[in-house]
Amino acid sequence: MGLFTELLLLPLAPVRGVLWVTEQMAEAADQELRDPGVVRARLVALNEALEAGEIGVEEFEREEEKLLDLLEQRQAAPRAYVN
């Protein structure tokens, strides 16, 4: 049944490949957004925007809370074993 199934699904191989690439890209983007260094850089930029008067205090606090939550989630999550 495995060979027969593979032959039937062969025309869908390009679609499955595109889906796999899309999933990999989404995972990489998510990891980059949650990277502590990137989050800290975003916090610095947020502070600079507040000091320059580009954003208000409410927006600053809202965004800061989101970024700090990302940092806390990253620290609370167990690190994956890297071989």
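Trainee: What is the relative accessibility of Lys66?

Mentor: A word on the model first: it is predicted, so local features need pLDDT of at least 70 and side-chain atom pairs count only at pLDDT 80 or more, while totals for chains, interfaces and linings use all residues. Residues are numbered from 1 along each chain as its sequence is written, and side-chain values use heavy atoms, leaving out hydrogens and water. Buried means under 20% relative accessible area, exposed over 50%, and partly exposed in between (1.4 Å probe, protein chains only). Lys66 counts as partly exposed because its relative accessibility is 46%.

Trainee: Thanks! Which residue meets Lys66 in a salt bridge?

Mentor: Side chains of opposite charge can pair when their charged atoms come close. The term means a side-chain nitrogen of Lys or Arg within 4 Å of a carboxyl oxygen of Asp or Glu, and a search of the whole structure finds one such bridge. Here the N to O distance is 3.5 Å, and the partner of Lys66 is Glu63.

Trainee: How many residues apart are Lys66 and Glu63 in helix H4?

Mentor: Helices are DSSP runs (H or I, at least four residues) and strands are runs of E (at least two), numbered from the N terminus. Glu63 is partly exposed, at 26% relative accessibility. Lys66 and Glu63 are separated by about one helical turn because their spacing in H4 in residues is three.

Trainee: Are helices H3 and H4 roughly parallel or roughly antiparallel to each other?

Mentor: Axes are lines fitted to C-alpha atoms, for helices over the stretch in contact, with angles from 0 to 180 degrees between N-to-C directions. The axes of H3 (residues 36–51) and H4 (residues 57–76) come within 10 Å and cross at roughly 165 degrees. Angles under 35 degrees count as roughly parallel, over 145 as roughly antiparallel, 65 to 115 as roughly perpendicular and the rest as oblique. H3 and H4 are therefore roughly antiparallel.

Trainee: How far apart in space are Leu68 and Val39, C-alpha to C-alpha?

Mentor: Leu68 lies in helix H4 and is partly exposed, at 36% relative accessibility. In sequence, Leu68 and Val39 are 29 residues apart, but in space their C-alpha separation is 8.1 Å.

Trainee: And what is the C-alpha to C-alpha distance between Leu50 and Glu61?

Mentor: Leu50 belongs to helix H3 and is partly exposed, with a relative accessible area of 27%. Leu50 and Glu61 are 11 residues apart in sequence, and their C-alpha atoms are separated by 9.9 Å.
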